[in-house]
Amino acid sequence: MATTTVRYLGLELTSPVILASSGFTSSVDGARRAEDAGAGAVVLKSLFEEQIAAESSLSEEEADYSIHPEAEQYIREMGMHLGPDDYLRLITATKESVAIPVIASVNCISPRWWESYGRQIATTGADALELNIALMPRESTLDRDIEAAYCRIIEQVRSRVDLPLAVKIGPYFTDLPAFTSRLQKAGADALVLFNRFYQLDIDVNALELAPGYRFSTPAELHTPLRWISILSGVLDTDLAASTGVHSGADVAKMLLAGAAVAQVCSAVYQHGHERISAMNADLAGWMDAHGFASIGDFRGRLSQTATGEPEAHERLQYIRALTGIS
Ligand SMILES: Cc1cc2nc3c(=O)[nH]c(=O)nc-3n(C[C@H](O)[C@H](O)[C@H](O)COP(=O)(O)O)c2cc1C
């Protein structure tokens with residue numbers, strides 16, 4: 001029988017399937033259910049930087065940015081059950097309740113809170129920290145400054161927090177190989193590719209902006225799959241796949257492309273925690289069928305650096321795809 005043990009962020013995981021940061025991981029019970037279902041690790045629900053700011057004594061003038069009043073109200077209302085201190089307690093309590101690695105998560109937009117909060121997170125027993133950095137550029141003049149801002153946040157956290165550090169980013173950057181290499185140099189030990197942003201829709205009857213569908217579909221797997229296959233032979237960081245992983249076969253694809261692990265969220269919302277057990281069983285069955293005793297036997301086998309001349313190969317597939325469509 002194949003063994004599905006992997007290493008991620010220097011930690012040993014019994015499965016490459018990780019329950020992603022989500023509503024499921026905002027409680028000790030949620031983490032326990034993930035462990036029972038066979039998840040290799042859990043990423044706790046993110047604490048939003050605005051929640052730290054809301055409880056801080058800094059005035060708006062002292063802060064680098066002002067919080068949107070609606071966001072502040074939302075955070076005050078929904079964040080009350082999970083303020084920064086509660087979050088530290090959640091990490092500690094989860095660590096005491098499960099044996100699988102517990103990865104804390106902070107969704108941040110500036111480097112300013114890490115002096116004290118970073119130190120406190122490090123004392124909770126968290127096995128690692130995932131930073132979900134989501135800076136939303138709207139002014140065309142910001143261009144490369146945005147990338148520098150990501151690096152400043154990572155450098156600041158790196159200098160304060162002595163934990164393995166994963167950085168979760170979105171897919172919308174001009175030059176991902178160059179940018180991800182800067183993130184690695186700034187101190188990221190792993191990159192989570194990719195964050196799935198809020199989807200905007202428009203209600204044409206109410207003439208209002210509306211939230212789009214909040215879960216991914218399996219078709220969304222191709223963007224992270226492509227970038228993991230391009231970056232896995234190039235970067236020294238671990239890569240965690242996120243977005244569109246819905247089945248054991250999807251996990252196998254991500255590992256073949258070179259991912260260390262795959263994070264799942266929408267599939268669990270849609271099919272329950274049993275989907276994690278099914279993914280593990282399907283992955284092990286697929287490995288047995290192909291004669292792979294361990295994940296090391298095949299991981300990265302189909303990364304684009306392993307296939308040679310990746311750009312020419314991809315260009316050829318692109319031309320084939322377009323010329324074949326009448
Ligand atoms: C209801 C819900 C809550 C989420 N909360 C967070 C969060 O707090 N922090 C975070 O980094 N990602 C959060 N995510 C994003 C997921 O972790 C994941 O990156 C995204 O859903 C794409 O993966 P999937 O295709 O498996 O759903 C959330 C997603 C959903 C659907």
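Colleague: Is the crossing of α4 and α5 left-handed or right-handed?

Modeller: The crossing of these two helices, α4 and α5, is right-handed. Keep in mind that this is a predicted model.

Colleague: At what angle do α4 and α5 pack?

Modeller: An angle under 35 degrees counts as roughly parallel. Here helix α4, residues 84–97, packs against helix α5, residues 114–122, at about 20 degrees, and the axes are 10 Å apart. Because of that angle, α4 is roughly parallel to α5.

Colleague: Which residues of α4 and α5 meet?

Modeller: From α4 come Pro84, Asp85, Tyr87 and Leu88, and from α5 come Tyr117, Gln120 and Ile121. Sorted by class, this contact of α4 with α5 has five nonpolar residues, one polar and one charged.

Colleague: How do I read the pair α8 and α9, and what is the angle between them?

Modeller: The cut-off is again 35 degrees, under which a pair counts as roughly parallel. Helix α8 (residues 222–231) and helix α9 (residues 248–257) pack at about 25 degrees, with axes 8 Å apart. Therefore α8 is roughly parallel to α9. On the α8 side, Pro224, Leu225, Ile228 and Ser229 make the contact; on the α9 side, Lys253, Met254 and Ala257 do. The classes in the contact of α8 with α9 are five nonpolar, one polar and one charged.

Colleague: Turning to the ligand, how many residues surround it, and which are the closest?

Modeller: The ligand is surrounded by 18 residues, and the closest are Ser21, Ser46, Asn132, Ser216 and Ser266.

Colleague: Which atom of the ligand lies 2.6 Å from a polar side-chain atom of Ser46?

Modeller: For Ser46, the ligand atom at 2.6 Å is a nitrogen. With Thr243, a polar backbone atom is involved, 3.5 Å from an oxygen atom of the ligand.

Colleague: Now the backbone. Is the peptide bond from Leu193 to Phe194 cis or trans?

Modeller: Read the omega angle: between Leu193 and Phe194 omega is near 5 degrees, and the bond is cis. Phe194 belongs to the loop between β9 (190–193) and β10 (200–203).

Colleague: Is phi of Leu9 positive or negative?

Modeller: Leu9 has a phi near 55 degrees, a positive value in a residue other than glycine. To find Leu9, look in the loop between β1 (6–8) and β2 (11–13).

Definitions and conventions. Residues numbered from 1 in each chain as written. Predicted model: local features only at pLDDT ≥ 70, side-chain atom pairs only at ≥ 80, totals over all residues. Heavy atoms only, no water. Axes fitted to C-alpha atoms, helices over the stretch in contact; angles between N-to-C directions. Helix = DSSP H or I, 4+ residues; strand = E, 2+ residues; numbered from the N terminus. Parallel < 35°, antiparallel > 145°, perpendicular 65-115°, else oblique. Left-handed = near helix turned anticlockwise from the far one by under 90°. Contact = heavy atoms within 4.5 Å. Nonpolar A, V, L, I, M, F, W, Y, C, P; charged D, E, K, R; others polar. Near = heavy atom within 4 Å. Polar contact = N/O pair within 3.5 Å; in protein donor to acceptor, adjacent residues only side chain to side chain.
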